[in-house]
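Have the viewer open and follow along as you read.

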Amino acid sequence: MTMQEHILNPRGLKLFTCKWIPMNQEPKALIFICHGYAMECSVTMHSTAMRLAKAGFAVHGIDYEGHGKSAGLQGFVNRMEDVVTDCVDYFSSIAADVKPGPVMQNILIKLCRIIPTWEIIATKDVVNLAFKVHSIREEIRANPYCYKWRPRLKTGYELLKISIELERNLDKISAPFIVLHGEDDRLTDKAVSKQLFDVSASTDKSFKLYPEMWHGLLYGEPLENI
């Protein structure tokens with residue numbers, strides 16, 4: 001059973017949430033979906049969530065501000081900490097690589113104060129890099145809730161900042177986790193996933209590498225691979 005609603009975050013923004021609940025049984029566990037940059041949860045994650053729900057899991061997702069059906073300027077993240085807080089607050093309520101050098105980082109910080117929303121960060125076509133199946137790429141391009149343009153300047157800075165912060169603190173991660181990574185991922189470096197697995201303090205962790213699969217493991221591969 002699929003249910004959708006909007007919630008109000010502390011900053012007064014309406015955030016879209018959705019959940020997939022197994023029918024006629026108590027959930028085996030809760031699964032929280034955090035979608036990727038420029039994506040959303042209700043359409044692109046639907047097939048994965050449905051499979052998990054049929055297997056007995058309760059799945060919950062949220063569109064970040066500026067993403068999907070949530071309020072905010074599409075594709076714009078002003079503070080990554082706000083996104084993290086929104087996710088933690090929402091999920092808690094349910095449960096009770098390439099880095100620019102120091103000079104470029106300083107320029108980026110200064111420009112963010114002047115033109116934070118400009119779509120000027122040069123990137124390759126993320127959709128082509130992430131999803132193997134052509135029809136899935138076209139489906140994503142046609143999805144009005146997916147942001148498909150160049151990253152906005154302040155969003156890029158926030159992504160960079162949180163990436164650096166995470167890398168500095170990998171050894172402090174103690175929560176249980178599973179890392180799934182496509183061996184032929186052209187969007188994110190599998191070596192970083194392996195580093196997380198090797199360095200983290202968690203005693204309950206797994207790292208699985210899928211041969212010949214791309215970045216979009218759960219949405220974008222041929223059906224025989226899913």
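The sections below go through confidence, one histidine, a pocket and the salt bridges.

## Confidence in the model

Please keep in mind that this is a predicted model. The chain has a mean pLDDT of 89, and 96% of its residues reach 70 or more.

Among the elements of the chain, strand β2 (residues 14-20) has the highest mean pLDDT, at 96, while helix α3 (residues 102-114) has the lowest, at 77. Where pLDDT is low, the predicted coordinates should not be read in detail.

Let us start with a single residue. H60 sits in strand β4, which covers residues 58-62. Is H60 buried or exposed? With a relative accessible area of 7%, H60 is buried, because the cut-off for that class is under 20%.

Which residues is H60 in contact with, once neighbours within four places in sequence are left aside? The contacts of H60 are C18, K19, I21, L30, I31, F32, I33, Y90, F91 and I94. It is a handy set to select in the viewer if you want to see what surrounds this side chain.

## The second largest pocket

Next comes a pocket. The second largest pocket holds about 160 Å³ of space. Its lining is made up of 13 residues, and those nearest the centre are S47, I136, Y219, L223 and I226. Two elements, α1 (46-54) and α5 (134-142), each give two or more residues to this lining. The largest share comes from α5, with 3 residues.

What classes of residue line the second largest pocket? The lining has 7 nonpolar residues, along with 3 polar and 3 charged ones.

## Salt bridges between parts of the chain

Side chains of opposite charge can pair when their charged atoms come close. In this model the count comes to 12 salt bridges.

One of them joins E119 and R152, whose closest N and O atoms are 3.3 Å apart. E119 lies in the loop between α3 and α4 (126-130), and R152 in the loop between α5 and α6 (153-168), so the pair ties together parts that are 33 residues apart in sequence. The two partners fall into separate accessibility classes: E119 is partly exposed, with a relative accessible area of 34%, whereas R152, at 10%, counts as buried.

Another salt bridge brings together the side chains of R141 and D125, at 3.3 Å from N to O. This pair also links distant parts of the chain, with R141 in helix α5 and D125 in the loop between α3 and α4, 16 residues apart. Here R141 is partly exposed at 30% relative accessibility, and D125 is partly exposed at 34%.

The side chains of D198 and K194 meet in a salt bridge at 2.9 Å, N to O. Why are D198 and K194 separated by about one helical turn? The reason is that they are 4 residues apart in helix α7 (residues 190-199).

R11, E65, R79, D82 and D86 are linked in a network of salt bridges.

Terms used: Residues are numbered from 1 along each chain as its sequence is written. This is a predicted model: local features need pLDDT of at least 70, side-chain atom pairs count only at pLDDT 80 or more; totals for chains, interfaces and linings use all residues. Side-chain values use heavy atoms; hydrogens and water are left out. Buried means under 20% relative accessible area, exposed over 50%, partly exposed in between (1.4 Å probe, protein chains only). Contact means heavy atoms within 4.5 Å. pLDDT is the predictor's confidence in each residue, from 0 to 100. On a 1 Å grid over the protein atoms alone, a cavity is a set of points where a 1.4 Å probe fits but cannot get out, and a pocket is an open set with protein on both sides within 12 Å along at least five of seven lines; lining residues have an atom within 4 Å of a point. Grid points are joined across faces, edges and corners, and a volume is the space filled by probe spheres set on the points. Ala, Val, Leu, Ile, Met, Phe, Trp, Tyr, Cys and Pro count as nonpolar, Asp, Glu, Lys and Arg as charged, and the others, Gly among them, as polar. A salt bridge is a side-chain nitrogen of Lys or Arg within 4 Å of a carboxyl oxygen of Asp or Glu.
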